[in-house]
Amino acid sequence: MRDASTKYSVAFFGRRSESRYLTHVIGQAARGNGGCLVITGEAGIGKTALLTRAADAFERVRRVHAAGTRFESELPYAAVHLLCAPFLDHLPGLPRPSRQALEAAFGLRPGPAGRHDELASAVLALLTAADRPLLCTVDDAHWLDQASIEVLGHLARRLTHQPVALLLAMDGAPSTPALAGLPRLDLAALPAADARAVLDRHLPVPLDEEVRERLLAEAGGNPRTLRELAGDTGGTHLAGGFAVPGRPAADGAAWQDHLRVLPRLPEETRLLLLTAAAEPLGDPGLLDRARRSLGVAADAAEPALAAGVLTFDAHVRFRHPLLRPAIYRAAGPADRRAVHDALAQATDAEHAPDRRAWHLALAADRPDPRLARALLETVPRARARAGLPAAAAFLERAALLTADPPERAARILDAARAHLDAGAPVHARDLLGGLDDTRLDERGRARLDRLRARQAVLRQDGRTAAAFLLDAARRLADIDPRASRAHYLDALQAALTDPVGDHLPVVRAARAAPAAPPTRSQVDDLLDSCLSLLTREPGDPANAADADAVRSLLADTASDLWRRWPGLGCLLAAETWDFPAYLRIATRQVEDARHDGAPARLPAALAALASAAVHTGDTAAATALLAEAHTLADATGATPHPHARLYLAALRADRPGSAELIDRFRQDARHRDRPWSVALADLADAVLGNGLARYRQALDAARRADAQPWPALTAAVLPELVEAAVRCDQLALARQAADRLHRHARAVGTPWALGVDACAQAVISGGAAADRHYLRALRHLAEADAILPLARARLLYGEWLRRQGRRAEARDHLHLALQMLTTIEATGFAARAAQELRAAAPGRGAGTTTAGGHGGLTAQELRIAHLVRSGQTSREIADRLFLSPRTIDAHLRSIFRKLGITSRTQLRQVPLPPQTAPVPGHQPG
């Protein structure tokens, strides 16, 4: 038996009516009208997910869980014991016959267990002894021991007027009389739309639409089968629909089960099945033309149809998706080549040249330059049809068909790069591992270094990545100085955007880059600006010349410069407080990765966009972006940057584990010798401390972060240091930090920088000067749409006004600060605002975030509500916010609940406040 505490993590799609039914059954039990329900369906159809979803909907109902296993089906009363185990403390209080019957059944005393109906009565007495509604769920009930089934059958018929619900899930209909006549819910296949949603959730890479339809048809609406088809690598093994069906099965026993039928079929039938397995579209017409090319008789399919192996309708479908790879892998190489040749001859060269070239390539048994060229010519078409995974498969096959060693090596590099872009780093590693690099010239070796660097980045090993890129830059220094300077920028980006340690050796090496040519480019300006920024002494402010150069570069965020170096662009934008530029660069980075079908690039891009959302005050959007980044990182092996996650934890100070997360990250970074990661944790700790009014903690953390040789932290650390130092009465330290901040902000000159600077000046000032500085800070930050700094500035101003005895003015600013900070989930600072508001208005409440009539909507919900009111569909809103339509619908349900409405039409009639932060996504056209 699996332990009763087993928890499941599931992505749930569809099953709305079934969920409502289960909710009704459990709700009735909670009101004392219990009952039993047997949930049946084929393996993988979603019974466990349905049980879990229904159970999670009732927080006040206690749940006990058991599940049968094949290996324990002979142990009597195993399931009953597991369900009763949490309640054995009540055993002594039962009547003696019931107590002794249970003790005997559970092996706690010698003697017979008694009749099953008597045991069922004793079990019911035990389960209801706690006087609390109870939900008993039993999964895989078809594997339960017979004694447990008998007892549970009797128990099910005694629950009518008891606060107990019993849910049994099993494969197939009940075959035992003990469960006959009980209410039953049969789970059918998922509807087409929900099945597609399951496949899309687990397949974040493009897939040829015809292949997608064939996969959906073969899966038959079974969620587990759909997840298995996507696979552990997020679907990259499918190569967009062009890969040969040779991926090993997840269940070796099931693989063998599906193969047993083949030897009993005629040879011609097996050849026809192999042809169907090699044809990815499931096109009946194409299969028939290939059959004729092979000389296979028209009735060869009959034995397969009779055996249920194959089905012909709109698609040629196998009984189970595992049969396709099983048949293909069981065939010999000669037979595989023959069927691919037949499929090539049957494919229309004019309408599907990419598929014809693909089958011809798989039919070849030796290098063939003509076929290699044909594959390369159709790469753009394959990529347009099925994304980067398909392009990578074509490039790899073209390389294998290339005879000339140097040309073959160059094509392997092309294929490895495509596999990396497609999110298949293991495949790329294997390709590069077999490469003969002696066949490469210096340019080729530089490309190899760059690809190895990308693999290192995916392993989050920026030091190794930067070393490879420096090698590439040095190789090109004499033969291509421009390319060499660009590779030095690559090395800087690798060192700076991966939190793995010391970037200064890379900076020193980059200072030896070839001199810029007389005709300078943006690449030269970017390299010089980065080196100037990174060679300043820690804490030194920017100078006007540096700031002007950076502003000039960031003025055109649509430049191709930021396609290659988005990390450097975001770095420079953060250092100069140009968050509109940061947002545009990060947004484009996400859009490019989605457009290119490059899931390996998405986690870092989503994390960068999440950072922009955090700093612009849209913490709900940041949370959604980080959740997607986490999902994609699991599929591709990439690791998102931690800054946004740490900063969110610092803002959400009241959430369990915020401080622990920051401390755990810092300890791990110290253990791994990653000083930048330590500095990021210290910055988050400073924000957490200031939010919770733990100013000594904030001061110590800010001083540690400020001591790191990392100029890009200046913009974020110094405001925390100024506030904490003033609160700890270290005015000299506060003025020194404020002076550095002032010089830096004046050089930068953006409204955001000027607003943060004015706020810091206000904190260290007094009297009329402080008043002027605060008002100037509010004006600049409002102009910059800097929601989080603006809310914090209002909080500081309100606190100062209260101390000056100006209570009415203080209440106005504190009330606004409380609303803003609560909306953006900065709960630590919001608590400070609420406390100050109570102090400013003795005897009066601090107010709530529902003032204004928006029902406590989060920032993300408010944006979605406005977009719905503008007439946009869930899919359009999802595209705009980089979320799934399912997530948008979930937000809508929350919005409707909070506003007390039930439809989009009603939402258009509800007054809403204006949005408080820009949407991190597509801008309205």
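Me: Hi! Before we look at any residue, what relative accessible area counts as buried, and what counts as exposed?

Reply: Buried means under 20% relative accessible area, exposed means over 50%, and partly exposed is in between. One thing to keep in mind is that this is a predicted model.

Me: Good. I'm looking at Asp729, so is it buried or exposed?

Reply: Asp729 has a relative accessible area of 66%, which is over the 50% cut-off, so it is exposed.

Me: Where does Asp729 lie?

Reply: You'll find Asp729 in the loop that runs between helix 36 (714-727) and helix 37 (731-748). Its backbone is worth a look too: Asp729 is not a glycine, yet its phi is positive, at about 60 degrees.

Me: Why point that out?

Reply: Because most residues other than glycine have a negative phi.

Me: And what about Ala693, what is its phi?

Reply: Ala693 has a positive phi of about 60 degrees, although it is not a glycine. It is found in the loop between helix 34 (675-691) and helix 35 (695-706). With 37% relative accessibility, Ala693 counts as partly exposed.

Me: Let's zoom out. How many helices and strands are in the chain?

Reply: The chain has 46 helices and seven strands. It is 925 residues long, and 56% of them count as buried.

Me: What about the surface, how much of it belongs to carbon and sulfur atoms?

Reply: The accessible surface comes to about 38200 Å², and 51% of that belongs to carbon and sulfur atoms. As for contacts, take those between residues at least 6 apart in sequence: 70% of them join residues at least 24 apart.

Me: Now helix packing. How do helix 30 and helix 32 pack?

Reply: Helix 30 (residues 602-615) packs with helix 32 (residues 643-651) at an angle of about 30 degrees, and their axes are 8 Å apart. Angles under 35 degrees count as roughly parallel, so that is what these two helices are. Helix 30 passes helix 32 in a left-handed crossing.

Me: Which residues meet there?

Reply: From helix 30 come Ala607, Ala610, Ser611, Val614 and His615, and they meet His643, Ala644, Tyr647, Leu648 and Leu651 of helix 32. That contact divides into seven nonpolar residues, three polar and no charged.

Me: How about helix 16 and helix 18, at what angle do they cross?

Reply: Helix 16 (residues 353-363) and helix 18 (residues 379-400) cross at roughly 20 degrees, and their axes come within 12 Å. Helix 16 is therefore roughly parallel to helix 18. Their crossing is left-handed.

Me: Which residues are in that contact?

Reply: Pro353, Asp354, Arg355, Trp358, Ala361 and Leu362 in helix 16 meet Arg381, Ala382, Arg385, Ala393, Phe394 and Arg397 in helix 18.

Me: Changing topic: how many residues of helix 28 are buried?

Reply: Nine of the 10 residues in helix 28 (residues 566-575) are buried. Among them are Pro566, Cys570, Leu571 and Glu575. Helix 28 is followed by Trp577, which has a positive phi near 55 degrees.

Me: Last one: is Lys47 buried or exposed?

Reply: Lys47 counts as buried, because its relative accessibility is 5%. It is part of helix 2 (residues 47-56).

Me: What does Lys47 touch?

Reply: Leaving out residues up to four places away in sequence, Lys47 touches Ile39, Thr40, Gly41, Glu42, Ala169, Met170, Asp171 and Leu187.

Terms used:
Residues are numbered from 1 along each chain as its sequence is written. This is a predicted model: local features need pLDDT of at least 70, side-chain atom pairs count only at pLDDT 80 or more; totals for chains, interfaces and linings use all residues. Side-chain values use heavy atoms; hydrogens and water are left out. Axes are lines fitted to C-alpha atoms, for helices over the stretch in contact, and angles run from 0 to 180 degrees between N-to-C directions. Helices (H or I, at least four residues) and strands (E, at least two) are DSSP runs, numbered from the N terminus. Angles under 35 degrees count as roughly parallel, over 145 as roughly antiparallel, 65 to 115 as roughly perpendicular and the rest as oblique. A crossing is left-handed if the near helix is turned anticlockwise from the far one by less than a right angle, and right-handed if clockwise. Contact means heavy atoms within 4.5 Å. Ala, Val, Leu, Ile, Met, Phe, Trp, Tyr, Cys and Pro count as nonpolar, Asp, Glu, Lys and Arg as charged, and the others, Gly among them, as polar. Buried means under 20% relative accessible area, exposed over 50%, partly exposed in between (1.4 Å probe, protein chains only). Accessible areas come from the Shrake-Rupley method with a 1.4 Å probe; for residues, only the protein chains shown count as cover.
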